[in-house]
Amino acid sequence: MFDVEKLRCDFPALSVLRNKKRIIFLDSAASAQKPKIILDKMNYVYQHEYANVHRGMYYFSERATELYEDSRKKIQKFINAKEVEEIIFTKGATNSINLVAYTWAEQNLTDKDNIIITRAEHHSNIVPWQIMQKRKNFKIKVAEVDDDGNLDIEYLKNLVDENTKLICCAQVSNVLGTIFPVKEITKFAHNHSIKVLVDGCQSTPHMAIDVQDLDCDFYAFSGHKIYGPTGVGVLYGKKEILENMAPFEGGGDMIKNVSFSGSTWADIPARFEAGTPMIVQAIGLGYAIDYISLIGMADVYAEDRKLLKYMQDAIEDLKDFKILGKSTNKIAVVSFVPTFTHPQDLAMILDQEGICVRTGHHCAQPLHEKFCTKSSVRASLGVYSDKNDVDALISSLHKAKKFFI
Ligand SMILES: *Cc1c(COP(=O)(O)O)cnc(C)c1O
């Protein structure tokens with residue numbers, strides 16, 4: 001097991017003081033803090049190894065290209081993709097999902113077809129489908145979660161018919177923390193010739209990922225939630241599917257030949273990386289993967305489960321906080337609604353105590369609707385979270401309760 005207290009020293013943000021008290025950061029599900037070493041390494045690239053990629057035949061450009069492509073290989077290994085060309089750099093998970101909507105869905109779906117999404121999806125796995133629906137007129141069906149926050153898999157299976165072409169599902173809910181059975185979904189879907197897109201934003205920071213084992217067709221995630229920089233994410237797609245997709249955006253680097261009588265597209269992955277990419281962020285994402293791989297995802301998962309239980313039990317013991325989704329199969333994300341005041345008021349009190357939690361609908365309004373609330377307070381943990389963080393949250397919740405009741 002790793003030494004959390006030692007690891008915390010890697011993250012400068014964790015020693016920032018507010019009102020002479022250290023910040024308690026419990027919003028890693030929105031974006032994770034960054035280890036100094038990754039920032040230093042990115043800074044080094046900008047100062048010593050920087051030029052545009054895939055273009056110049058000189059040292060800087062070759063070096064930057066090498067680092068950029070090395071990062072792609074690290075990502076391939078991190079999610080165990082079969083081929084390195086299956087890894088596409090995007091701006092983030094939202095951009096990855098939109099890419100699939102504007103290419104695969106645009107090119108393959110008709111008004112006879114339907115797709116299935118789940119109630120627990122982040123807005124970025126709902127809205128792109130609604131936008132594309134306006135253009136292609138396919139139907140969107142919604143799979144439900146139960147009161148414990150588990151996906152109702154039988155319900156989902158019953159939604160499938162011969163015109164179902166795609167199922168989109170988060171691997172982990174960003175509100176409930178529930179791990180959804182995407183492997184089972186994929187197996188079922190493939191038996192019916194349905195493609196599966198998995199949103200891995202909340203699973204990649206907490207558990208080992210194997211896209212070959214999951215057998216999903218697309219997998220999307222963001223760099224900034226796994227301790228990497230903002231502005232970079234990943235779309236994984238199976239090679240034979242990506243090869244048959246026309247590009248999303250046009251520009252430099254995504255073509256074979258350009259002429260006024262027509263242009264031809266580059267091979268994957270370049271076909272989907274038009275223009276100058278987010279070079280240093282992409283390289284930084286590779287460094288972030290080095291960082292968490294060194295800790296080991298199996299250990300990250302084990303520690304995460306322990307601290308989750310500690311936190312969830314403590315919130316439960318306080319009474320007066322309704323936890324959304326108490327599946328036994330979840331990662332360290334706990335959303336709750338105080339029974340005695342509005343979540344916003346609670347978050348304001350927590351902020352005065354230096355506690356950073358997310359308040360609102362967390363980009364999942366349909367899911368909050370299911371739990372008959374418009375918003376909740378969410379505490380989410382990262383590799384650097386420790387018992388002190390949880391204890392500070394609990395004591396502040398206790399104080400808030402006394403203040404209101
Ligand atoms: C954060 C998140 C997204 C969106 O990721 P961006 O980095 O904002 O593009 C999508 N799905 C889930 C489950 C998320 O947690």
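**Salt bridges, ligand shell and surface**

User: Which residue meets Lys 399 in a salt bridge?

Analyst: A salt bridge is a side-chain nitrogen of Lys or Arg within 4 Å of a carboxyl oxygen of Asp or Glu. For the side chain of Lys 399, the N to O distance is 3.1 Å, and the partner is Glu 353.

User: How many residues apart are Lys 399 and Glu 353?

Analyst: Helices (H or I, at least four residues) and strands (E, at least two) are DSSP runs, numbered from the N terminus. Lys 399 sits in helix 14, while Glu 353 is in the loop between helix 12 (343–352) and strand 15 (355–356). The pair links distant parts of the chain, with a separation of 46 residues.

User: What kind of model is this?

Analyst: Residues are numbered from 1 along each chain as its sequence is written, and side-chain values use heavy atoms, with hydrogens and water left out. Local features need pLDDT of at least 70, side-chain atom pairs count only at pLDDT 80 or more, and totals for chains, interfaces and linings use all residues, this being a predicted model.

User: Is Lys 401 buried or exposed?

Analyst: Buried means under 20% relative accessible area, exposed over 50%, and partly exposed in between (1.4 Å probe, protein chains only). The relative accessible area of Lys 401 is 18%, so Lys 401 is buried.

User: Why does the salt bridge of Lys 401 and Asp 320 tie together separate parts of the chain, and how many residues apart are they?

Analyst: The side chains of Lys 401 and Asp 320 meet in a salt bridge at 3.1 Å, N to O. Lys 401 is in helix 14 (residues 387–404) and Asp 320 in the loop between helix 11 (297–317) and strand 13 (321–323), so the parts tied together are apart in sequence by 81 residues.

User: Which residue forms a salt bridge with Lys 370, and how many residues apart are the two?

Analyst: Lys 370 forms a salt bridge with Asp 147, the closest N and O atoms being 2.9 Å apart. Lys 370 is in helix 13 (residues 365–370) and Asp 147 in the loop between strand 6 (139–143) and helix 6 (153–159). Asp 147 is exposed at 61% relative accessible area, whereas Lys 370 is partly exposed at 23%. The partner is thus Asp 147, and the separation is 223 residues.

User: How many salt bridges does the structure hold?

Analyst: Some are joined in a network, which links Arg 8, Arg 22, Asp 386 and Asp 389. The number of salt bridges in the structure is 33.

User: How much of the ligand's area does the protein bury?

Analyst: Polar contacts here are pairs of N or O atoms within 3.5 Å; within protein, one must be able to donate a hydrogen and the other to accept it, and residues adjacent in sequence count only if both atoms are side-chain atoms. A ligand nitrogen is 2.5 Å from a side-chain N or O atom of Asp 199, and a polar side-chain atom of Lys 225 lies 2.8 Å from a ligand oxygen. Taken alone the ligand exposes 380 Å². Of this area (Shrake-Rupley method, 1.4 Å probe; for residues, only the protein chains shown count as cover), the protein buries 86%.

User: Is Leu 308 buried or exposed?

Analyst: Leu 308 lies in helix 11. With a relative accessible area of 6%, Leu 308 is buried.
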